[in-house]
Amino acid sequence: MEGQMTHFSEPTVQNYAGWDEFYAKDVDEKIDFFSKENRLFDIIFSQQFDRNFLDYICRLSNSIRLLAKTKSGSRKLRRLLAHKRAMLYFVQPSTRTFLSFLNACHILGLKVSDIRDTSTSSEIKGESQEDSIRTFASYVDLIIIRHLEAGFSEKTAWVLNQSERPVPVINGGSGPDQHPTQALLDIYTLERSFAHIGGLDGKKIAMVGDLKRGRTVRSLSYLMKNYKDVTLYLVSPEIFKIKEDIKTFLNKHEIQFIETDDFRQTLPLVDAIYMTRIQKEYAEDATAEADDYPEFFFKQEHLTEIQPHCVIMHPLPRRYEIEVEVDKDPRAVYWRQERNGMWMRTALIAYIFGVEKKIFKVLTA
Amino acid sequence: MEGQMTHFSEPTVQNYAGWDEFYAKDVDEKIDFFSKENRLFDIIFSQQFDRNFLDYICRLSNSIRLLAKTKSGSRKLRRLLAHKRAMLYFVQPSTRTFLSFLNACHILGLKVSDIRDTSTSSEIKGESQEDSIRTFASYVDLIIIRHLEAGFSEKTAWVLNQSERPVPVINGGSGPDQHPTQALLDIYTLERSFAHIGGLDGKKIAMVGDLKRGRTVRSLSYLMKNYKDVTLYLVSPEIFKIKEDIKTFLNKHEIQFIETDDFRQTLPLVDAIYMTRIQKEYAEDATAEADDYPEFFFKQEHLTEIQPHCVIMHPLPRRYEIEVEVDKDPRAVYWRQERNGMWMRTALIAYIFGVEKKIFKVLTA
Amino acid sequence: MEGQMTHFSEPTVQNYAGWDEFYAKDVDEKIDFFSKENRLFDIIFSQQFDRNFLDYICRLSNSIRLLAKTKSGSRKLRRLLAHKRAMLYFVQPSTRTFLSFLNACHILGLKVSDIRDTSTSSEIKGESQEDSIRTFASYVDLIIIRHLEAGFSEKTAWVLNQSERPVPVINGGSGPDQHPTQALLDIYTLERSFAHIGGLDGKKIAMVGDLKRGRTVRSLSYLMKNYKDVTLYLVSPEIFKIKEDIKTFLNKHEIQFIETDDFRQTLPLVDAIYMTRIQKEYAEDATAEADDYPEFFFKQEHLTEIQPHCVIMHPLPRRYEIEVEVDKDPRAVYWRQERNGMWMRTALIAYIFGVEKKIFKVLTA
């Protein structure tokens, strides 16, 4: 049954009058539009991933990671998609996600065009977004997007799925919106960390920091419905409490969660501690800074208080939320988590082009 | 006889005292300087292309386009020049042409160095243009240039052809000057569109918009002398009428043309409608904007007035000249035209490195 | 005995309390830290190169240069490291060195991620340099750095050598500091130029211009201790005289040197003339410009005064230090020197990944 996806129906754009009407719909109603032939075609929302898919893509990430350790394996990988071309359209600065996707492409041999600086692409400004999108699609086989505007990736996929040249789109982060590949790499890191103790099912996970505006926390929360008996500890100062819509979601899917502002007391209770930073970029109230809440920082002294198997995660970049001294502890997995992002994104691209069977075959050969 | 080029003589730089003297000469006198061993070496002017070359490069573009449709074909293409290195020196912003050339290189496997932002190459500023040019040539096997300065590509080719390391140069657009690869892709699109009705010979083509300053119209006009019985309809407001030098050229080569400011009446008469936009970048009189001339826009309602086989073209980006609703009509070929640019540029690079025989061979095998 | 390196001991970071303590040490004490298994691991200082290494890397550069002349040779080269990924972190503008390294990577097939413009990587700013460095290392197999800050490359190598993911680092120029790959290409150019007259040993070399602040002169001086009976003519105006620390170094290693401000008289005496420019970027006293010292410029008329075998070198870019008319003389080797930089950097990267044996094998096959 491996690789068996949940059934998705085909895009039915004819049902929609236009972008505004489409965009306003619930995510659940839109998911089918981004699938083809019973597989995900565009990667736009975290809600597109079910348990089957998550298990499959984690297994694929693992296979790629292991293959890349050997010279012959990495040579095989880089030939898989050497005849394909990708575009990285990253007009919101993001070195980390950019490098992660770029090197994921490089691992599979894809040739990459990138637009990072809009000042060198000013000609594009004279035309509509829809026209720019169709132009990008003219030249490449895959478009990966990071954009300041919420919904931009979704719009791109929406435009292209109706054009003569549909090209898959991956959302690399759209404004204050979703960041589905971050959620995937977090799941992969959790599953990898708990591989020896039964995986993510049944675990207790603390999410700490700015739970109000962080899209990482939002995306990850959505995915928890795919796992059994997970308990979330939502640890934040009052001002950064998680929003009502996520709580509604968690309740609806019967995911247990506990809200608290006592970081210290939470430490010994959980299997994973997911530290986050303030998303300064989207701060509505500039005065409210995480810097003012050192009681929510992970310090060296806390290492004695967490369980021996508890992992410490962070989406990076960090500022003051985790003391540098913590890095040396084997339970600090945030650098591994960052590298997992590259493997997971490589897996996602391999999946999109349907070459994952070849990867599994090499490993079992 | 296929691929047989008109005879060009070898560069004879010794005849020229210096760049200024060379630059001032008529284009026809300079063409030989950019050829080697009876083939085009640098691609600088539209006037370098004769009918033999145009037919050959269109056929090569077609072959590449067909090959790239299959996995084995695209793999063969990307191995052809994987040992070669190109430089894209694009200091005038141009996302479209940049991406088109970059992906043309990627299709053939060339490794690409690009300079797009002069702020990251400020060291270069301290030296003469000639020295910078020689530096670029030190590292790569092909230089593709987009520059705000008229004649910059020509100067680069001129400098290098006299150096110990001549490297071919392609003009990707020099200021208000020529844009020869745009002209090639336009010809390819016309020939492809008319393949079922005898090709471009004998056709009626309307060029619409800013005929005064658009380099697209200028380059395309030069190429019309290679085709039999073409009639040009030059459709523009009085203020944007085509310049005298082009009319002199058309008269000299006995190319029929009709000047008119009646767009509506022209519609049913022609086989192709080439819409253009105002080149804001080079506008001398900022007040004169195409936006003020909606009677020269192509609207959805016009679709009923053009012939069933008539194609609508545009160099893109468009602003208001063509209504978005027109895109859905199969006669709107501007998106295909854009993609043709990539195939044509791939063909040009393959030709420059002399690997086109291998491409034809794969297809006939 | 070819390729036999001097013995280096393993990194012993445990001996150092922290970066500041490490950084303050003498270069000679730090060299071992940047070696592994008796080979250079990171390329940070010119002082890391001994005669064995210099001879070896010159021979490797030569082999690569010859291989690249043929199609089959260049195809073999570009497959050697096609499964590896490099990062060019060039936040100090430097087109020349950037292109040289980038194309060196391309010759060997490495996939390259580059960060050239910090405005597109602003997210990085929020984190510590150490964290940014570890992030880069997460994604690639080699990091090449150009930075305005003295010691930045060294710090990067220092951080990574202590991490779980040590990745080799090449210093592509750190502030007013060292520029070891420039020194290597200079040595290679000198050795190549003197190949027919016994190599660099016993030669007389004039270094001309700003000897006070130029890092080229500094790096090259360090390497002279590896050659027998070299005499340096240090030719500069009083204000740009070489600093005491280099004179101390030359004296300590018994390298003969003559300080003079008489450029003209030096011309007939030497085997190589190394012209340099003012490093405006680091000028402490903006009024002191080389432009004011035309008596230290190399002019066409000087060509009759130098020896028939004397070579004229320059690190480029040049400003007024060498008249353009000099370029045509076969003794003007600065353009070749620039291209040597690419071959030397290719050799260095091949060496770092340990594939140089394969290169020698192809040539002797």
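**Close-up views of a predicted three-chain model**

**View 1. Where chain C meets chain A.** The contact here takes 30 residues from chain C and 27 residues from chain A, with contact meaning heavy atoms within 4.5 Å. This is a predicted model, so keep in mind that local features need pLDDT of at least 70, side-chain atom pairs count only at pLDDT 80 or more, and totals for chains, interfaces and linings use all residues. As for the bookkeeping, residues are numbered from 1 along each chain as its sequence is written, chains are lettered from A and ligands numbered from 1 in the order in which they are written, and side-chain values use heavy atoms, with hydrogens and water left out. Together, chain C and chain A bury about 2,700 Å², and 49% of that is on carbon and sulfur atoms. Buried area is the accessible area (1.4 Å probe) that two parts lose on being put together, summed over both.

View 2. Side chains of opposite charge can pair when their charged atoms come close. How many salt bridges are there between chain C and chain A? The count is four, where a salt bridge is a side-chain nitrogen of Lys or Arg within 4 Å of a carboxyl oxygen of Asp or Glu. Take a look at C:D114 and A:R116, whose side chains meet in a salt bridge at 3.5 Å, N to O. On the side of chain C that touches chain A, α4 (71-80), β3 (85-90), β4 (111-115) and α6 (129-139) of chain C each supply at least two residues. Those labels are DSSP runs numbered from the N terminus: helices (H or I, at least four residues) and strands (E, at least two). The largest share of that side, seven residues, comes from α6(C). By class, the side has ten nonpolar, nine polar and eleven charged residues. Ala, Val, Leu, Ile, Met, Phe, Trp, Tyr, Cys and Pro count as nonpolar, Asp, Glu, Lys and Arg as charged, and the others, Gly among them, as polar.

**View 3. Where chain A meets chain B.** Now chain A gives 30 residues to the contact and chain B gives 28 residues. The area buried between them is about 2,700 Å², with carbon and sulfur atoms giving 49%. Across this interface the rule finds four salt bridges. One to zoom in on joins the side chains of A:E127 and B:R96 at 2.5 Å, N to O. Eleven residue pairs are in polar contact across the interface of chain A and chain B, both at pLDDT 80 or more. Which element gives the most to the side of chain A that touches chain B? That would be α6(A), with seven residues.

**View 4. The second largest pocket.** This pocket has a volume of about 1,200 Å³. Its lining has 46 residues, and A:R339, C:D141, C:E164, C:R165 and C:V167 lie nearest its centre. A pocket, on a 1 Å grid over the protein atoms alone, is an open set of points where a 1.4 Å probe fits, with protein on both sides within 12 Å along at least five of seven lines; lining residues have an atom within 4 Å of a point. Grid points are joined across faces, edges and corners, and the volume is the space filled by probe spheres set on the points. The largest share of the lining, five residues, comes from α12(A). The lining residues divide into 19 nonpolar, eight polar and 19 charged.

**View 5. A salt bridge within chain A.** The side chains of A:E305 and A:R264 meet at 2.5 Å, N to O, in a salt bridge. A:E305 lies in the loop between β10 (272-275) and β11 of chain A and A:R264 in helix α11 (residues 263-266) of chain A, so the pair ties together parts that are 41 residues apart in sequence. Over all chains, the count comes to 63 salt bridges.

**View 6. Backbone details in loops.** The peptide bond from A:L316 to A:P317 is cis, with omega near 0 degrees, and A:P317 is found in the loop between β11 (311-313) and α12 of chain A. In chain C, the peptide bond from C:L316 to C:P317 is cis, with omega near 0 degrees. C:D229 has a positive phi of about 55 degrees although it is not a glycine. You'll find C:D229 in the loop between α9 (215-223) and β8 (231-235) of chain C.

Technical notes:
A polar contact is a pair of N or O atoms within 3.5 Å; within protein, one must be able to donate a hydrogen and the other to accept it, and residues adjacent in sequence count only if both atoms are side-chain atoms.
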